[in-house]
Amino acid sequence: MKEQQEQEQEGIRKDDAKHFLKLQILQKAKESKERQLSINLDTQNFEEIDKVKEILSKSFDDPEEKFDLYYKAIRKVIMKYLPKGKEFKEERDIIYEEKNIFLTRGKAKNKRGIRGGDSRMGYNDDMYELVNLITDWVSMTQDPVDLYQRIYDLNDKYNYGHRQYDDSSKDFHKAMSESKTEK
């Protein structure tokens, strides 16, 4: 009987210890982890960084602005100034593909035609950068090859890659890059 009571007492102590350990873990989880200590190299002082304030102070995408940027600025202007008709569909699609790679931050279509991202949902900052590029293109040349090359170069700038159609596309871009460096 006494042995059984000791075993029960031992079990209660173990349960109490487990309960206490859980409470300690929960208490640690409750502690603020949003603040970090940083060293300012200019002043050589310690600074506390509040991560929550930093996150909340960043601008967030606005769905209406995103819609306007994509449909009313990017898509509408490109459609207006690119050649129309079935005979130019392939050329337009190549330009659209580079645009979509940029707006999805490097997601090109795979062999099955799946991109894994939606360019209409790209970041507003990226859309603004593309709008500026397109605006400059419209005011300067309105040449489809120039627009393609500008978007291609933009993708290169961010190391996003490109969709390779065949080996001739590599040669074309090499020649375009060489002609730029000669100018």
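## Overall layout

The chain contains 7 helices and 2 strands, and the model that shows them is a predicted one. Followed along the sequence, these elements come in the order α-β-β-α-α-α-α-α-α.

Of the 183 residues in the chain, 23% are buried. When contacts between residues at least 6 apart in sequence are considered, 53% of them join residues that are at least 24 apart.

## Helices α3 and α5

Helix α3, which covers residues 63-81, packs with helix α5, which covers residues 124-140, at an angle of about 25 degrees, and their axes lie 10 Å apart. Because angles under 35 degrees count as roughly parallel, α3 and α5 are described as roughly parallel to each other. The crossing in which α3 passes α5 is left-handed.

On the α3 side, the residues that meet α5 are Glu65, Lys66, Leu69, Tyr70, Ala73, Ile74, Val77, Ile78 and Tyr81, while α5 contributes Asn124, Met127, Tyr128, Leu130, Val131, Ile134, Trp137 and Val138. Sorted by class, this contact of α3 with α5 has 14 nonpolar, 1 polar and 2 charged residues.

## Glu97 in helix α4

Glu97 is found in helix α4, which comprises residues 89-103. Its relative accessibility is 4%, and since buried means under 20%, Glu97 counts as buried. The side chain of Glu97 reaches the backbone nitrogen of Lys109 at 3.4 Å, so that this pair falls within the 3.5 Å used for a polar contact.

Note on methods: Residues numbered from 1 in each chain as written. Predicted model: local features only at pLDDT ≥ 70, side-chain atom pairs only at ≥ 80, totals over all residues. Heavy atoms only, no water. Helix = DSSP H or I, 4+ residues; strand = E, 2+ residues; numbered from the N terminus. Buried < 20%, exposed > 50% of the residue type's maximum accessible area, 1.4 Å probe, protein only. Polar contact = N/O pair within 3.5 Å; in protein donor to acceptor, adjacent residues only side chain to side chain. Axes fitted to C-alpha atoms, helices over the stretch in contact; angles between N-to-C directions. Parallel < 35°, antiparallel > 145°, perpendicular 65-115°, else oblique. Left-handed = near helix turned anticlockwise from the far one by under 90°. Contact = heavy atoms within 4.5 Å. Nonpolar A, V, L, I, M, F, W, Y, C, P; charged D, E, K, R; others polar.
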